[in-house]
Amino acid sequence: MDYLLIQVLNGVQLGLLMFLLAAGLTLTFGIMDLVNLAHGSLYMMGAYFAWTLIGWTDSFVLGTLLALPACFLLGVIVEVTVARRLYARDHLEQVLATFGLILFFNELVRAVWGPDGKSIAVPAFLNRTVNILPGVPYPAYRFALIAVGLVVAVVLAWLVARTRLGMLIRAGASNRRMIAALGVNIELLFSLVFGLGAVFAGLAGLMAAPIASVKIGMGDDILIVAFVIIVIGGIGSIKGAFVAAMVVGQIDIVGRAFLPDFLKTFMGAASASAAAPAISQVLIYLVMAAVLVWRPTGLFGQRS
Amino acid sequence: MPAPWRTPRGIITVLLLLLLAVLPLLTQAFDQRYLLSVGTRIVIWSIAAVSLNMILGYGGLVSFGHAAFLGIGGYAVGILSAEGYESGWMQWPVAIVVAVAWATLIGALSLRTRGVYFIMITLAFAQLVYYLSSGLAAYGGDDGLNISRSRFPGLIELRDKAAFYWLCFALLCATLWFCSRLVHSRFGHVLRGARSNELRMMALGFPVFRYRLAAFAIAGGFAALAGILLANDGAYISPAMMSWVKSGDLIVIVVLGGIGALFGPLYGTIAFFAVEEFLPPLLDLLHRGWGEYWQIVFGPLLVIIALYARGGIDSLLGRRHA
Amino acid sequence: MPEPLLQAQALVKRFGGLIATDNVALDVMPREIHALIGPNGAGKTTLVGQLTGNLRPDFGTIRFAGRDVTRLPIDARVRLGLARSFQITSVLRDFTALDNVALAVQAHDGHSFRFLADVRRDRGLRDRAQEGLEAVGLGRRGETLASALSHGEQRQLEIAMALAGEPKLLLLDEPMAGMGVEESQRMVELLRGLKQRCGMLLIEHDMDAVFALADRITVLVYGRAIASGSPDEIRNNAAVRQAYLGGEAP
C-alpha cells in the first residue's frame, strides 16, 4: 500500500514535470499554430544552463533562479530569428525547420559542453526524506518538485484566467486573426508566449536533471510524450495539458512499477523486466489513439 | 509538349540513373568498395523516400512516422531469420503484408485527424513500434540483432555485394515506375486533388478517407521493402532503424529533393548523403576540428531550406510541366 | 403532385445560445429553380451546410431523392445526385480546367482505385470533361491551369464541375458573387438553360438574377423562413419588403 502511494506520488511528480513541458508547447501550438519540435531542445538548454550556473555560483537555488531568465532570453532569440518566420508557413516547413534546430542545439551542446553527460546533484537541503504519512518516507527533492509544479500550475491557471495576457492567450488560441484586429501588438505577444514556454520547458529540464541526468538530446524523446499529452488534452488547452499530463504520468510510473509483476505471471522474469518499460510507453500511445478515436481534437480541444 | 527527357532535368536524371546502373562495375574498376556500400544505402533509402513522397509529396500527408515501416520490414525479416525461416520467398511477402496491415490499422486511426494532430499521431505510432522493438529482449532489444541474410536458393546470393546492389537498384526502378504510374492514374489524381482541396473533393463525391488510407498502406508496403533491404544490407536489425530521427531524415530528404517530383527523392537522398560525407571535411578545411560539429551548420541549413527553398533540388533543375 | 427532389423539415441548428436555423422547412421540386434569399447573417450558409452535409442539424430531417440523408456524409449525398458549387471559388488550383472537370466526371464513374492506367489518355473521360467545359462556355480553356483563369471563368468552372456528375439537384452558393454585369448575364443564361437537366437551389444576393431565374423564392431572416412563394408574391409581401428589400419593390 505504501509502495503504491509512493508510485502514485512519483506519477504526480512526473505528470507535473510533463505538464510544464507541455504547457509551453500547447501555447505555441494553440496561439501561433507552430509545430515546434525544438521545444525539447529548450528543455535541454535549461538543464545545461543550470549546470553551468550552479557551477559558477556554487548554489543550487541561485543557479536555477538565474537559469530561468537565461531560458527566457534564449526563447525570445529563437522566436525572433526562426520561429517568427514560420508562423505563416505550413506545417511541413515548420517540421523541417525545427528539426534543423534540434540538430543544431544538440551539436552546439556537444561542442560547448562536450559529449559526456553532466550531473546536477540534489541540493543538500533537499537531500533527505519527508514522511508523507507516518512511517512512509518520500524523497524531499521529489516533494519539492511536486510543490513547485503545483505552484506553477496554479500561477499559470491564474494567468490564463484572470489577467489581460491570459485573456489574449485564450482569445488567440481560438482566433488569431481577431486579436490582431483588436490592435494588440501581436509580435510582442508571440515573443512573450514563446519565451514563457521556453522558461517552463527549461524549468522542467533543470528540475528533472538531478533525477534523470543532463545529456545531449535529453529533450527529444520526452518531447514526443509532451506532444502526445497535448494531443490527448487538446491543442491550445492548458487545462487539457494538465489533465493529460497527470494521466500520462500515472500510466508511465505505475505501469513501470506494477507491470513487471503482472507480466511475470505469464512471461519469464528477464523478458518481463525488459518488456515492462516498453509496454508502459506503448500504453501511453494506446491511450492517445483511444482518445483520438473518440474525440479527434483531444479532450478539451477546439472542435473545428 | 517537349519530350521529358530533353530538358536539363531529364538529362541529369538519365545520367544519374545510368551511373547508378553501372556503379558496381565502376567501383570494381577503381577498387572503391566503400563507394559501393554507400551507393547501396543510397539506393535503399531512395526507395524509402519515394514511398514517403507518395503520401507526403503527392498526397500532402505529413507522416512523421514513416521510418517505422522500414523497421517493421526489417524486423519481420530479422525475426523470421532468427527463428530459422531463412527463405526470402517466404520472409519478404510476410514482411510486406505485416507492414501493410499495420499501415492500414494506424492509417484508419490517424487519417481521421488533421494537420498537426496527424503529424503527431503518426509520430506517436512510430514511437510505439520503436519501443516495442526495443523491448524485445529475445531479438536484441536496444542493441539490435545480427541476422543471416535472406536466402533465394539458386536465384541470387545476397552476400554478393554487387548482386545485392543490382537487386536494390532494380527494386528502386520498379518503385519509381510504379510511382510514375500512380501519379497519373485515377487514384493518383484523387490523391493529388485531395491535397489541393480536400473539401472540394468530398463535394465532388469522393470518399477521400478511403483513398488516403489506401495510399498510406501502399506507401507503408514500399517502405517495408526498403527496410527488408536495409536489414539484408548490414545483416543487422536494430530499433535505431525506426527512430523518430530517421523519420525526420526521410522528411528532410523528400523536401530537399523536391516535393511531389518523381525523382525528387533520389536527388534528395544523394544530397543528404553527400552532405553527411562532404560537409565535415569542408568545415575541417576552414578550421581544423570544426568538421566534427557539422550539424551546427546542417541544422540552420535545414531552416534556410524550409524557409527559402521549398521546391527543393527539383525546382532548381528548371520548370516542370503539370 | 410530383415528389420533391429535396425536402427539409423542421430543421434546427444552434451554436451555443445562437439559433442559426429556426425550424425551417424547405423543398425543391424537379426542374424548378428555388431561390433562397435573406440579409447577411440570416443563416443561409448554415442552412446550406446542413443540406450538403457539412453540418449536422440538431433537429429535423432532410430527404433527398426519396431517401433520408440527414446523417449521410458529404460525399455520399453527392453520389446520390446532390451537387454544389461554392461561394468562395473552390476549384483545384494545381490542375488544368479540363482536369478539374475530368475529376468531377471521374467521381461518378465507379471507383477510382486504378493505379496503373494513365488518366490523361482516357479518351472517354477527357471527352466528357470537354463537353462539360463547353456546356459552360469554357471549351477553349481546357488546358489552362485553374489558378490562371479569371474570376468569372473560375465560377463557370465551378458550375461545370458541379454538373459533371449529372446531378439531380444543383445547390448554387452565390454563383454571381464578384461578377460584373456582363458576366452575371451570361451566368443567368447558363443557369436558365440548365433547368431541364436538374432542379436548383439558388442562394443569391443579386436580386436581378433572383427575380429573373426563380420559380419560387424563400426568404430567410434570423434563421427563420418568413415567407415562401412565387416571385410576385414575395415582391408584394410586406414583411419581406420591410426586412430585406428595404420597403421598395425592385
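This is a predicted model: local features need pLDDT of at least 70, side-chain atom pairs count only at pLDDT 80 or more; totals for chains, interfaces and linings use all residues.
Helices, which are DSSP runs of H or I with at least four residues, and strands, which are runs of E with at least two, are numbered from the N terminus. With that in hand, let me start in chain B, where B:His66 has its place in the loop between α3 (33-55) and α4 (67-82). Residues are numbered from 1 along each chain as its sequence is written, chains are lettered from A in the order in which they are written, and side-chain values use heavy atoms, with hydrogens and water left out.

Is B:His66 buried or exposed? Its relative accessibility is 1%, so B:His66 counts as buried, where buried means under 20% relative accessible area, exposed means over 50%, and partly exposed lies in between, with a 1.4 Å probe and protein chains only. Leaving out residues up to four places away in sequence, B:His66 touches several others, among them B:Ser51, B:Leu52, B:Ala219 and B:Leu250, a contact being heavy atoms within 4.5 Å.

Let me turn to the aromatic rings, where a search of the whole structure finds 24 aromatic pairs over all chains. Rings of Phe, Tyr and Trp, the last by its six-membered ring, pair if their centres lie within 6.5 Å, and planes under 30 degrees apart count as stacked, over 60 as edge-to-face and the rest as tilted. One of these pairs is A:Phe104 with A:Phe105, which is edge-to-face, at 5.5 Å centre to centre and with 70 degrees between the planes. A:Phe104 counts as partly exposed at 21% relative accessibility, whereas A:Phe105, at 5%, counts as buried.

Another pair, B:Tyr211 with C:Phe113, is stacked, with 4.4 Å from centre to centre and 10 degrees between the planes. Why does this pair join two chains? B:Tyr211 lies in helix α10 (residues 208-234) of chain B and C:Phe113 in the loop between α3 (97-107) and α4 (123-135) of chain C, so the pair joins two chains. B:Tyr211 is buried at 4% relative accessibility, while C:Phe113 is partly exposed at 29%. Both belong to one aromatic cluster, together with B:Phe187, B:Phe206 and C:Phe115.

Next comes helix α8 of chain A, residues 186-212, whose 27 residues should span 39 Å at 1.5 Å a residue, and its end C-alpha atoms are 37 Å apart, which agrees; the expected span is 1.5 Å times one less than the number of residues. The helix is mostly covered, since 21 of its 27 residues are buried, and A:Ser213, which follows α8 of chain A, has a positive phi, near 90 degrees.

A:Asp58 is in the loop between α2 (39-57) and α3 (60-86) of chain A, and with 72% relative accessibility A:Asp58 counts as exposed. C:Glu174, by contrast, is in the loop between β7 (169-173) and α6 (181-194) of chain C, and is buried, with a relative accessible area of 13%.
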